[in-house]
Amino acid sequence: MKVLVVENYDNTGLGQMATALAEAGAEITLVRAHRGDELPAGADGHDAIIVLGGGQNALADEEYPYLPALAALMRSFADSGRSALGICLGSQILARAYDAENLIGAAPEFGWQEVALTPEGREDPVLSAAPEVFPIFQWHDDTFVLPRGATRLAGNDAAHNQAFRVGRAGYGVQFHFEADRKLVEEWHVAFPETIAKKRAGWMDIYPAEAASCGPTADAAGLAIARAWVSTIRS
């Protein structure tokens, strides 16, 4: 099982996706696109692609000129029936790949927030691994219009489209299901000033939030990670 992982920002990390991939014995090829690593020309050579989040938006082509090619690459995976996963920024890029509108600054969220599955999500082979309503870590400002023909799988009041599926196994997930408490703690170390600006007083309430929401969120996130990995056909 060969999986291409694309980073768009330093200190993002696979989190619980790393656990699920290791359990499956996956061979990972890491491309740090934001640091100039070259993207593959197409999907051949890999069974799946994971595109992680980042501080930029999905339309920041001037600063990150590889973004159109990354969108096309994600679509080539999904259109060929291979498994494709976009998390946070990655979900926004996948939406862009299918000509959906990116809505910049339209849906700010930070911290553990509740997400609810749609009826289709409750039947989906990946999202149904989570409870119908569950807390999960969020960190985004942007959202997107659902791509034409996509299946909406989850949402909340802040972002109507929290997860969708295109084709057999192309998934865009706005929330950070990969971010267990360990990864969230790493983000606190890596991005303290950004977090302080993002949500005033967060560090005061963080311990209680982590204790109350973290265990359920971690369990739901790992279940989703394992379910997505199970879609990969090698």
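Thr29 touches Val3, Leu4, Val5 and His46, when residues up to four places away in sequence are not counted; contact here means heavy atoms within 4.5 Å. The structure is a predicted model, in which local features need pLDDT of at least 70 and side-chain atom pairs count only at pLDDT 80 or more, while totals for chains, interfaces and linings use all residues. Residues are numbered from 1 along each chain as its sequence is written, and side-chain values use heavy atoms, with hydrogens and water left out.

Thr29 belongs to strand S2, residues 27-32. Helices (H or I, at least four residues) and strands (E, at least two) are DSSP runs, numbered from the N terminus. With a relative accessibility of 31%, Thr29 is classed as partly exposed. The class follows from the cut-offs: buried means under 20% relative accessible area, exposed over 50%, and partly exposed in between, with a 1.4 Å probe and protein chains only. Between the C-alpha atoms of Thr29 and Ser212 there are 36 Å in space and 183 residues in sequence.

Glu7 is part of strand S1 and is buried at 11% relative accessibility. Its side chain makes a polar contact of 3.4 Å with the side chain of Arg32. A polar contact is a pair of N or O atoms within 3.5 Å; within protein, one must be able to donate a hydrogen and the other to accept it, and residues adjacent in sequence count only if both atoms are side-chain atoms. Neighbours within four places in sequence aside, Glu7 is in contact with Thr12, Leu30, Val31, Arg32, Ala33, His34 and Leu52. In the loop between strand S1 (2-7) and helix H1 (16-23) lies Asn11, a residue other than glycine whose phi is positive, near 60 degrees.

The largest nonpolar core contains 50 residues, and Met17, Ile50, Phe175, Phe177 and Trp228 touch the most other members. Such a core is a set of buried Ala, Val, Leu, Ile, Met, Phe, Trp, Tyr and Cys residues joined through side-chain atoms within 4.5 Å. Helix H7 (residues 202-229) provides the largest share of this core, 11 residues. A second, separate core has 31 residues, including Ala33, Ala78, Leu89 and Phe164.

Asp124 is in the loop between helix H4 (119-123) and S7 and is buried, with 1% relative accessibility. Apart from neighbours within four places in sequence, Asp124 is in contact with Leu153, Arg165 and Tyr171.

Cys88, in the loop between strand S4 (83-87) and H3, has a positive phi of about 55 degrees although it is not a glycine. Cys88 is buried, with a relative accessible area of 3%. His176 touches Cys88 as well as Ile87, Ile136, Phe137, Gln138, Trp139 and Trp187, residues up to four places away in sequence not being counted. The loop between strand S11 (170-173) and helix H5 (181-190) holds His176, which is buried at 6% relative accessibility. The C-alpha atoms of His176 and Phe137 are separated by 5.3 Å, although the two are 39 residues apart along the chain.

Asn156 is located in the loop between strand S9 (151-155) and strand S10 (163-166) and is buried, with a relative accessible area of 16%. The side chain of Asn156 has a polar contact of 2.8 Å with that of Glu109, and reaches the backbone nitrogen of Ala159 at 2.9 Å.

The largest pocket is lined by 22 residues, of which Tyr9, Gly54, Gly55, Gln56 and Trp139 lie nearest its centre. On a 1 Å grid over the protein atoms alone, a pocket is an open set of points where a 1.4 Å probe fits, with protein on both sides within 12 Å along at least five of seven lines; lining residues have an atom within 4 Å of a point. Helix H3 (89-97), strand S7 (133-140) and helix H6 (192-198) each supply at least two residues of this lining.
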